[in-house]
Amino acid sequence: MQQNRPDPIAALFAAVSEVVEAQKSYLCELDGPIGDGDHGTTMALGFRAVQRALAGGPATDPAETFRRAAAAFLDAVGASTGPLYATGFRRAAQRLDGREGFATEEQVLMLEGVAAGIAERGKARRGDKTMLDVWLPAAEAARGALDVDRPIWPAALEAAERGAEATGAMVASRGRAARLGERSLGHLDPGAVSAALILKAMAGVLG
């Protein structure tokens with residue numbers, strides 16, 4: 001990636017920050033019944049920090065951009081969601097090491113890295129009523145689309161939307177919502193909803 005070219009990943013994170021900021025109140029409302037009621041505020045804070053960290057100019061390559069994003073998000077959001085996304089961005093960076101561009105293959109590697117990092121850090125699985133119910137199927141759908149030479153983002157978004165909606169019928173077994181047990185049933189997971197919003201913003205830039 002040349003230094004005098006715009007960084008497409010910086011543009012990606014700017015779009016994500018804008019969407020999360022716009023939906024901050026909604027995400028907090030979702031979080032109220034099953035969490036601390038601050039999910040939207042926390043996510044907006046984290047992505048604003050990422051945007052500031054990337055505003056100084058493009059990194060040398062996509063991996064470095066995601067490492068900057070990881071550090072900025074964790075510095076801004078030290079608890080709960082912060083380590084999850086920071087680890088996701090670091091794993092994305094690892095998968096992008098040695099790549100100079102950010103074409104379709106790199107975008108799939110990024111999605112798989114974020115999903116793997118969140119799973120690793122959170123010790124969660126699909127069906128636990130977490131953001132992984134969005135990230136994992138989205139990454140898998142993107143890889144499946146790439147393998148048959150189809151556009152990845154429509155497939156990823158369809159899987160993400162289904163995953164977020166499905167959390168309403170799940171009982172939480174991870175995170176703060178797990179304290180509620182059966183009382184978490186019937187509520188969408190705010191982390192899953194914000195993940196779907198993030199992916200939609202990404203698709204708006206890359207799709």
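Reader: Contact means heavy atoms within 4.5 Å. Among contacts in the protein chain with a separation of 6 or more, what percentage comes from residues 24 or more positions apart?

Author: Glad you asked! This is a predicted model, where local features need pLDDT of at least 70, side-chain atom pairs count only at pLDDT 80 or more, and totals for chains, interfaces and linings use all residues. Taking contacts with a separation of 6 or more, the share from residues 24 or more positions apart is 66%.

Reader: How many helices and strands does the protein chain have?

Author: Helices (H or I, at least four residues) and strands (E, at least two) are DSSP runs, numbered from the N terminus. Reading the elements from the N terminus on gives α-α-α-α-α-α-α-α-α. The count is therefore nine helices and zero strands.

Reader: What percentage of the 207 residues of the protein chain count as buried?

Author: Buried means under 20% relative accessible area, exposed over 50%, and partly exposed in between (1.4 Å probe, protein chains only). By that rule, the buried share of the 207 residues is 51%.

Reader: Let's visit some buried residues. Which residues outside its sequence neighbourhood does Leu-27 touch?

Author: Leu-27 belongs to helix α2, which covers residues 24-31, and it counts as buried because its relative accessibility is 0%. Not counting residues up to four places away in sequence, Leu-27 touches His-39, Gly-40, Pro-190, Val-193, Ser-194 and Leu-197.

Reader: And Met-43: how far apart are the C-alpha atoms of Met-43 and Phe-73?

Author: Met-43 sits in helix α3, residues 39-54, and counts as buried because its relative accessibility is 0%. Leaving aside neighbours within four places in sequence, Met-43 is in contact with Val-20, Phe-73, Thr-81, Tyr-85, Ser-194 and Ile-198. Phe-73 lies 30 residues from Met-43 along the chain. The C-alpha separation of this pair is 9.0 Å.

Reader: Is Glu-106 buried or exposed?

Author: Look for Glu-106 in helix α6. Setting aside residues up to four places away in sequence, Glu-106 touches Leu-96, Arg-99 and Gly-101. Because its relative accessibility is 11%, Glu-106 counts as buried.

Reader: Turning to helix α7, what distance does it reach from its first C-alpha to its last?

Author: Helix α7 takes in residues 132-147, which is 16 residues. The expected span of a helix is 1.5 Å times one less than its number of residues, and for α7 the expected value is 22 Å. The model comes close to that, with a reach of 22 Å.

Reader: Which helices are included in what covers the buried residues of α7?

Author: The buried residues of α7 are Leu-132, Asp-133, Val-134, Trp-135, Pro-137, Ala-138, Ala-139, Ala-141, Ala-142 and Ala-145. What covers these residues includes α5 (81-96), α6 (104-122), α8 (152-166) and α9 (190-206).

Reader: One last stop: which residue takes a positive phi just after α7?

Author: Helix α7 spans residues 132-147, so look just past its last residue, using the DSSP runs as the guide. There, with a positive phi of about 60 degrees, you will find Asp-149.

Conventions
Residues numbered from 1 in each chain as written. Heavy atoms only, no water.
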